[in-house]
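Here are my notes for your first look at this one. Have the viewer open as you go through the points.

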Amino acid sequence: MTDATALDKRIRRHVIGPPQLFFAATAPGLEPVCAAELAACIPGVQPQPVAGGVSFQARLDDGFRANLMLRTANRVLMRIARFQAAHFKQLEKALADIAWELYLARETPVAPRVVAHRSRLHHSGAIGERLADAVAGRRRGAVFNPLPAAAAPTPQAVFVRADQDRFIVSLDASGDLLHKRGLKTDVGPAPLRETLAAAILAQVGYTGEEPLLDPMCGSGTFVLEAAMQATRTPPGWYRDFAFARWPAYRPQRWAYLRRMVQTAMRKPAPSPIWGFDHDPPACRRIEAALAKGGLEDSAAIQCRDFFDLDPAALSPVPGVAVINPPYGRRLGSTSESRALFGRIVAHLTRFYAGWRVALIAPPGAEQLAPRTLTAHRLPHGGLDLRLFTGTLPR
Ligand SMILES: C[S@@+](CC[C@H](N)C(=O)[O-])C[C@H]1O[C@@H](n2cnc3c(N)ncnc32)[C@H](O)[C@@H]1O
């Protein structure tokens, strides 16, 4: 048996075959939504929500699938080692004992990402250097698979977390953060993260079957997210992932998994999706992003003013309206954003009876929201905003 064949066997036995421990990192508060998503996309999985994310055990393919399917996770990590270390000799030994050839190709540079709390070893730079040295040392002594000829040697993030001298080492399976869906090229100012938009759509109970309107759509985060949901397009469909450069990645298996997912996809969306904004460049950016994903028939973008719009002219049945009005630096002053929010609420109350709404209130304007709606905390851009959801009375 050649060295390369022996290594492939070990990769199958240790990485592809047995269940692995994964961690889907989320924004604070989104852990339960992400756990529900995991339970829906991986049969038999038992997600454990903890602060900052969701732990789950799954086969490697399902860990890859989580990257493709999760709308609310920021990234997916695969745990590869746990140990105690109170001084550098212990840390060096534990890092040198990791069989790095199972996880990294020969040419892949390592990007250490270290966080240490309440530990005797707390200097993140020094811990990262030990990690890089351990990988380099292993590369001198063991056989590693080369990267496929077409793949660029992109750095692989390796997360090291130390808490009370207990270390966890994980590989980042995602690469770019998962809120990057691969459609927007030019995002415009202050967009909502797609992960947060997905959680808001879940909170307002959007199913993808009913009409949806974002009348102040900015860079179109809600519109794109809704178009992908309604066409059953996975959030990761248009992008790639760090795991595609792992020695355990099998392109044919990934292509098969994508084909299986594709059988459920449908185009166009079954109900209309509208995105309106009074800013023409914003409208053009969204149209470009929709076209990139072949979603232009699933959402209609128009340059128009929210206050000129009577939704009864759009849809005979009430749908879902999501509104993230301008506030803060974009509007100059708190009193201006408060006044605008008051006008928005008055317009909604008059014209949107029976519509389900998700309405983000600017700081200081929360008391102006319709009393029939339910308030939720919404951390966004360093602000503690409030999201209001519910059905407007007829
Ligand atoms: C906070 S941004 C929306 C951000 C969007 N949710 C995103 O993720 O990119 C608010 C948007 O409302 C638009 N807007 C403000 N007043 C409007 C009005 N009266 N009619 C239509 N659009 C308006 C602005 O042009 C801006 O793009």
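1. Helices (H or I, at least four residues) and strands (E, at least two) are DSSP runs, numbered from the N terminus.

2. Keep in mind that this is a predicted model: local features need pLDDT of at least 70, side-chain atom pairs count only at pLDDT 80 or more, and totals for chains, interfaces and linings use all residues. Residue numbers start from 1 along each chain as its sequence is written.

3. Now the sheet. Seven strands make an open, mixed one, in the order β2-β3-β1-β4-β7-β6-β5; strands pair if DSSP finds at least two bridges between them. At the edges sit β2 (48–50) and β5 (110–117), each pairing on one side only. From one strand to the next, the twist averages 30°.

4. Which sense do β1 and β3 pair in? Strand β1 (residues 20–26) and strand β3 (residues 53–58) are antiparallel, over six bridges. Phenylalanine 23 has serine 55 in β3 as its bridge partner.

5. Valine 115 has arginine 161 in β6 as its bridge partner.

Definitions and conventions
Axes are lines fitted to C-alpha atoms, for helices over the stretch in contact, and angles run from 0 to 180 degrees between N-to-C directions.
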